Each structure stands twice: as C-alpha cells, then as structure tokens.
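Try each task before you read its solution.

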Amino acid sequence: MKKLFAAFGAAGLLFVAAPAMADDDPTAEQIAKITEVLAAQSCDVDPDEIEVEAGGGFDVDDVACLDGQYDVKLDKDFNVIGMRKE
C-alpha cells in the first residue's frame, strides 16, 4: 500500500510542477500571424515580447498602439482576448 501511495504521490508532484515550467518561444509562423493581427489594429509588436502560454495562447508585452502601450493576450487561434493599457 505504501508503494502505491508513493507512486501516486510522485506522479501528483509532476502535475503540480508542470504549470511552473517556462513558456516556449513562438515559431516564425506564430510571430508573423500575431504581428499581422496586431497591425490590423494599428499596433506594433517586438517579436522578443511574445510568449507562448501553457494552453497554447500568447502573451504579448509592450505592444505599441496609436493610443498607448498595451499588454495583449491572444488565444491559440490568434484572437485578441484581452488588452490592458500600461
């Protein structure tokens, strides 16, 4: 019984630690699509500020738009789902 509990306990730690893993770098195709989507909103983005999130979405910091600077969230289909003015 102790071995079974230890095995499940160790597996549980793996799931708890997973969200803490670093975000992946976006691909060239993803950068191009995000740049295109934001340009359509009169915004400019530095590709170094794009992060891929665990769920497949994107977090883009320091997006320069006509009315100021924003942090932008996009879903995995490149739809803007949030913009927060800095």
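**Exercise 1.** Find how many salt bridges there are by the rule that a side-chain nitrogen of Lys or Arg lies within 4 Å of a carboxyl oxygen of Asp or Glu.

*Solution.* By this rule the count comes to four salt bridges. The model is a predicted one, in which local features need pLDDT of at least 70 and side-chain atom pairs count only at pLDDT 80 or more, while totals for chains, interfaces and linings use all residues. Residues are numbered from 1 along each chain as its sequence is written, and side-chain values use heavy atoms, with hydrogens and water left out.

**Exercise 2.** Describe the salt bridge between E36 and K33, and say where the two residues lie.

*Solution.* Begin with the distance: the side chains of E36 and K33 meet at 3.9 Å, N to O. Next, look at the helix, where helices (H or I, at least four residues) and strands (E, at least two) are DSSP runs numbered from the N terminus. E36 and K33 are three residues apart in helix α2 (residues 28–39), so about one helical turn separates them. Finally, K33 has a relative accessible area of 32% and is therefore partly exposed, given that buried means under 20%, exposed over 50% and partly exposed in between (1.4 Å probe, protein chains only).

**Exercise 3.** Which parts of the chain does the salt bridge between K73 and D59 tie together?

*Solution.* The closest N and O atoms of K73 and D59 are 3.8 Å apart. K73 lies in strand β4 (residues 68–74) and D59 in strand β3 (residues 58–65), so the pair ties together parts that are 14 residues apart in sequence. As for accessibility, K73 is partly exposed at 33%, whereas D59 is buried at 14%.

**Exercise 4.** Compare the accessibility of the two partners in the salt bridge between D71 and R84.

*Solution.* The side chains of D71 and R84 meet at 2.7 Å, N to O. This pair links distant parts of the chain, with D71 in strand β4 and R84 in strand β5 (residues 80–85), 13 residues apart. D71 is buried, with a relative accessible area of 13%, whereas R84 counts as exposed at 51% relative accessibility. Turning to shared partners, salt bridges join E53, D59 and K73 into one network.

**Exercise 5.** Where is D46 placed, and is this residue buried or partly exposed?

*Solution.* D46 sits in the loop between β1 (43–44) and β2 (50–52). Its relative accessibility is 36%, so D46 counts as partly exposed.
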